[in-house]
Amino acid sequence: MSQTYVGKPVPRLDGLEKVTGQARYTVDLDLPGILYGAVLRSPLPHARIVDINCDEARRMPGVRAVVTGRDFPYTFGGPVKDQPFLAIDRVLYVGEPVAAVAAETEFAAQEAARKIRVTYQELPALFDPRDALGETAAVLHPDLHTYRRASQYDIVPGSNICTIRRYSTGNLEQGFAEADEIFEDEYYIHAVAHSPLETHAAAAQYSAAKNEYTVWTSSDRPYRLATVLSEALGISLNQVRFHSMFSGGGFGGKAALVAEAVAVALARFTQGRPVKVVYSREEELTASQTRHAAFMKLKTGVKRDGTFTARHADVVWDNGAYCSLGPDVAYRGVLTIFGPYRIPSIGLLSRLVYTNKEIGGAYRGFGTTQATWACEAQMDVIAEKLKIDPLELRLKNAYVDGDLYLNGQMMRTVGLKDTLTLAARKIGWGSPKQQAAGSKRRGIGMACTIKPTATPTTSYCFIRINQDASVVLLCGSPEVGGGQKTVLAQIAAESIGVPIGSVSVPHPDTQYTPFDDAVGSSRTTYHMGNAIRMASREVREKILVHAGKILGRQPEALRLSEGSISDGSGAELMTLEGVLQKVVPRGGCIIGEGQYSPEGSPLLAAAPGQTAMSSIFWLFATHAAEVEVDSETGVVRVLRVAAAHDVGRAINPALCEQQIEGAVIMGLSNTLFEEFKMEKGRILNDTLADYRLASTMDLPQIDSIMVESMHEEGPFGAKGVGEPAAAPTAPAIANAIFDAVGVRIHNLPITPEKILQAMRQSAKNPPVQD
Amino acid sequence: MNHLPPFAYFAPRSIAEAVAMLTREGVGAYPLAGGTDLLVRGKRGHPFAKTVVNLKLIPELRGIEELPDGIRIGALEVIAALQRSALIARELPVLAEAAERLGSPSIRNMATLGGNIGRASPASDMAPALIVLDATLTVEGPTGRRTLPVESFFRGPGVTVLTPGEVITNFLVPKMPGRSAATYERLGRSQGTECALLGVASLIALAENRLEAKAARIALAAVAPVPMRSKRAEAALLSGPLTEDRLWDAARGAAADCMPITDIRATAAYRREMVEVMTLRGLRRAWEQAVGGRA
Amino acid sequence: MSIGIEICVNGLHHQLDVKPQTTLLEVLREQLRLTGTKEGCGTGDCGTCTVLLDGVTVNSCLVLAVDAVGHEVTTIEALATDAGLHPLQQSFIEHNAMQCGFCTPAMILSAKALLDRKPAPETAEIKQALSGVLCRCGSYKKIIEAVVAGGEQMRRER
């Protein structure tokens, strides 16, 4: 049966607000009596706070509160609660919030913050996680063992290892013994900034009478933040309320308390007046969160025919000063380093290591980006040595339906091979190479990736049909840019049988919208979509029962489509509005409730005790890139990217394309232009002039291909798309550069200087043919 | 919101008034042209003006016109005007080429030629082109007016020969010699708007026999404390008939002459290497255009 | 030091008190409450503060309010009228040319400035005209498609 909305490029519900400038983001928020916050930050990477003198600051005109960590000595964090709201007795990175000011104007708050006098005693600082692993390295979190934490993570007290994971399957020693060739390679991926166009911003208001906090945020997970906040402050969840606004981009950076922490600490002391904290671009780049840098050692055993026998991965994650969501990145995301490939024996050592730098947090891909870099760069090294085409090597080892994942979960709806062949075909894999023009050399390369979704997680929703047949979708999924409102409205409209124009999707408000885990991990279409399906079924049944009574017909004989009730013949019998007028003539509504969690699903079955590693769906993607390298300057231009993604089902193909296109550009930008230039823990390039993001001038031709593998439990077959899109671009570009000029870059970012250096090296040492 | 620090403000209506105000206000008084450099400095918390003297309301500082001895460009003409001027496209195309590469479209609508040169950034995109065109600028100050070559205007990064109370009022760019062409090459890591890693302007004027150069000027940006000419490169080009080898010699000369530093954007070694590469490219294009151009 | 100025924004004249250091961006967002124009960096690098000054794009974060006197300022709020949306706004919606939407007003104004001056630009010219507005969501491809379509509609309406 053809669908009205699902599978169609329905224009975004928030389009009109955004093109008219009416969409309001947290930075645009204005409230009666609002105060503005400014932050004083540590200039040192590691120091004890000896004294803080706020006297002069407090006397400045317009100042209403000056707050330090001693005034608000709570801690919060991700799986390990290691982070203060404001530094209490020491600082662990340049930019750490030490004190904050709330004042009548932002300028007054900034001026007052400059008058706060802090005396520090500098301590030795660690900038390289490998140094931090050293025997004699200073221990940055000596109280690690006292922190509140989630029990499934292993910490290493007395060291700089925040969390550690060891995991293995099969028999590694035997696997390597059976190999015809063993490859040992080291890869490095650098930290990058999320740098959304809307900087981190939040507002908070405190009610002393009820000991309640209200927070306005652009976060992608207001419920999780509410939980973190209530836990940190020791108050109940119903004493914390988060309002979501439109978000000007997050990409994972707004998945934790950042500006919110400062706003909350200030609001506690402003006698009920709300406080807004807006990060400057400098603060955004240097003092919010980053992607984790990682050092990855990959040892892989292969048979001559290209079959894998074993792989060991040793990954050291550069955590920065506080762990945030790092433990999850280092626990789950890291597994993508084994690729979407059948490898009988694997071993993993994953260590999340503290350093005195900006906090590493959730970043699009959640660890899979880093892991894919190493895995897919080495794939091409293996292909070259074994003289197997890189596409063939991947196809040979790629998961197919029926394969077992590392933990024994059966892989289903695996669209991986289709993504490989379609991306390859689109880029012209195997076509004769274009002649070099002058100094320009062209090359083609590819990479693929696998990404799970956090499992199990839960989404709830309420659907309310008003007495005039207008529909309200009450769900806790903020609009972070991915078109969440639109896709969820499509699913609701299709599932209930109403026109999409009658569906409104208000911003989440944790007071009224029911729980949702997060907009993250590419989970929203699937989980919230299923919750909406369930709630839709309930309201639809209620409507048809009512209609049946009114019309004197069996509900089973009736259909509801586009707000019209008909029987099998197609003739309209009555409108939905008509039904409601009869059912609730003096006002009222019809309510449906939906709740979805994959917990207990037979799809998650795995080896005994290993279900925790299962994912309710697996995402696969392949990017194939064509690059042009100027062999005299080393400058790389990405000409074309063919990006094929297994999305399960494209509920809205245009929105899927947006995610794919957007992630290709982000991946290209991260890989070729973005890099933190550090000096003693301080980031020197703290403006967008010197921290380069891709512009329209860097846009390659992007061909997005959606593979629909039709997940059996997903809404209309859907899985997800946003996260994995970030991963394969870097290795695809690097592999294409090898095809163009014969050099391999192991350490990101790829810069013109590295390419020229590598070309020079390989000219001096031509590869030995055996 | 990223705020500017407070300052005293004047908006003179004539050059004389501007000079008088700057002189009177003394140290800490800065002239404001487009604002794309000065105001950014203020926003970034760098040492900033106590007094701002806004030059935008002075009509004598504007205009692009043909004069007997060259093209006059008012100091307050915006970079976008240089890009769009039919006169410049016809007579001084390398200026338009450089203008096109500066910043973003919005920055080009605001930034001025006088501001760009007055800022004296070693990486100025406009300076090398003005230098190879033998441009001069006129300065007015409390002791009167003087004219000097753009090439001699710079003393160091952000430092010029201007004395207190002086402002740049006009540029005069002579028409190009017969049988000549000039190009501007710029290197960046991306395709978009970013501070140049280096810039090279090259001018070749052919002798009547068209086999050798009768004049050659090569100017570099971002590889020395100031925009600089490469005397070695010019000498190489003038040492005999023009050949690809001679162009190579000139390019190597430019690489030898330059004094790049390592900074957050690139290493000195890379810049030096790229001076050779980009100079060669610029010279090749200039040679080709000069040979194919009008007599 | 307070200065009384009159500026024309979206066809309306406003009498305002500003300081010399007040930027046009501050006036628009804080005094006139026109929040469609954004601050993404404050230093002229991201383009989200783009407005039209006499029809050409400027970064309003680097324009002093006093320098807007005597000129026409156009913000995104001027584009939709009682008659409907501007063709560019319509085409951006139809082509799904936005994700988070933070750069959208700046993109639309930059496209308008180009199309008002050059009704049938090449793709390379469109990329150039928009090169000063960053989109971290990476909507560039669809934005360019929307500008092409919007331009076609603008020519039809002429």
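## A helix in chain A

Let's begin inside chain A of this predicted model. Helix α11 of chain A covers residues 390-397, and its buried residues are A:L391, A:L393, A:R394, A:L395 and A:N397. Which elements cover these buried residues of α11(A)? Among them are two strands, β16 (308-320) and β18 (440-452) of chain A. Helices α10, α12 (416-427) and α17 (729-741) of chain A are also part of the cover.

The N-terminal end of α11(A) has a cap, and the residue that provides it is A:D389. One of its side-chain oxygens lies 2.6 Å from the backbone nitrogen of A:L391, a residue that is itself buried.

## Where chain A meets chain C

Next, look at the contact between chains A and C. Chain A brings 54 residues to it, and chain C brings 38. The size of an interface is often given as the accessible area lost when the parts come together. For chain A and chain C that buried area is about 3800 Å², with 58% of it coming from carbon and sulfur atoms.

The rule finds 7 salt bridges across the interface of chain A and chain C, and one to look for joins C:K142 with A:E657, where the closest N and O atoms are 2.6 Å apart. There are also 31 residue pairs in polar contact between chain A and chain C, counting residues at pLDDT 80 or more. On the side of chain A that touches chain C, the elements giving two or more residues are α1 (15-19) and α16 (653-672) of chain A. Helix α16(A) gives the most, with 11 residues. By type, this side of chain A holds 25 nonpolar, 18 polar and 11 charged residues.

## The nonpolar cores

Which residues have the most contacts inside the largest nonpolar core? They are A:I737 and C:F92, in a core of 169 residues. Helix α10 of chain A (residues 368-386) provides the largest share of this core, 10 residues.

Beyond its neighbours within four places in sequence, C:F92 touches A:V19 in chain A, and within its own chain C:A97, C:M98, C:T104, C:M107, C:I108, C:I143, C:A146 and C:V147. A second, separate core has 93 residues, including B:F153, B:L203, C:L16 and C:L62.

## Where chain C meets chain B

Chain C also touches chain B, with 30 residues of chain C in contact with 28 residues of chain B. About 2300 Å² is buried between them, and carbon and sulfur atoms give 59% of that area. The count here is 1 salt bridge: the side chains of B:K56 and C:D67 meet at 2.5 Å, N to O.

The rule also finds 10 residue pairs in polar contact across the interface of chain C and chain B. On the side of chain C that touches chain B, α1 (24-31), β4 (56-59) and α4 (123-129) of chain C each supply at least two residues. The residues of that side are 13 nonpolar, 11 polar and 6 charged.

## A stop in chain B

To finish, find B:D249 in helix α10 of chain B, which runs over residues 244-257.

Note on methods: Residues numbered from 1 in each chain as written. Chains lettered and ligands numbered in written order. Predicted model: local features only at pLDDT ≥ 70, side-chain atom pairs only at ≥ 80, totals over all residues. Heavy atoms only, no water. Contact = heavy atoms within 4.5 Å. Buried area = accessible area lost by both parts, 1.4 Å probe. Salt bridge = Lys/Arg side-chain N within 4 Å of Asp/Glu carboxyl O. Polar contact = N/O pair within 3.5 Å; in protein donor to acceptor, adjacent residues only side chain to side chain. Helix = DSSP H or I, 4+ residues; strand = E, 2+ residues; numbered from the N terminus. Nonpolar A, V, L, I, M, F, W, Y, C, P; charged D, E, K, R; others polar. Core = buried A, V, L, I, M, F, W, Y, C linked by side-chain atoms within 4.5 Å. Buried < 20%, exposed > 50% of the residue type's maximum accessible area, 1.4 Å probe, protein only.
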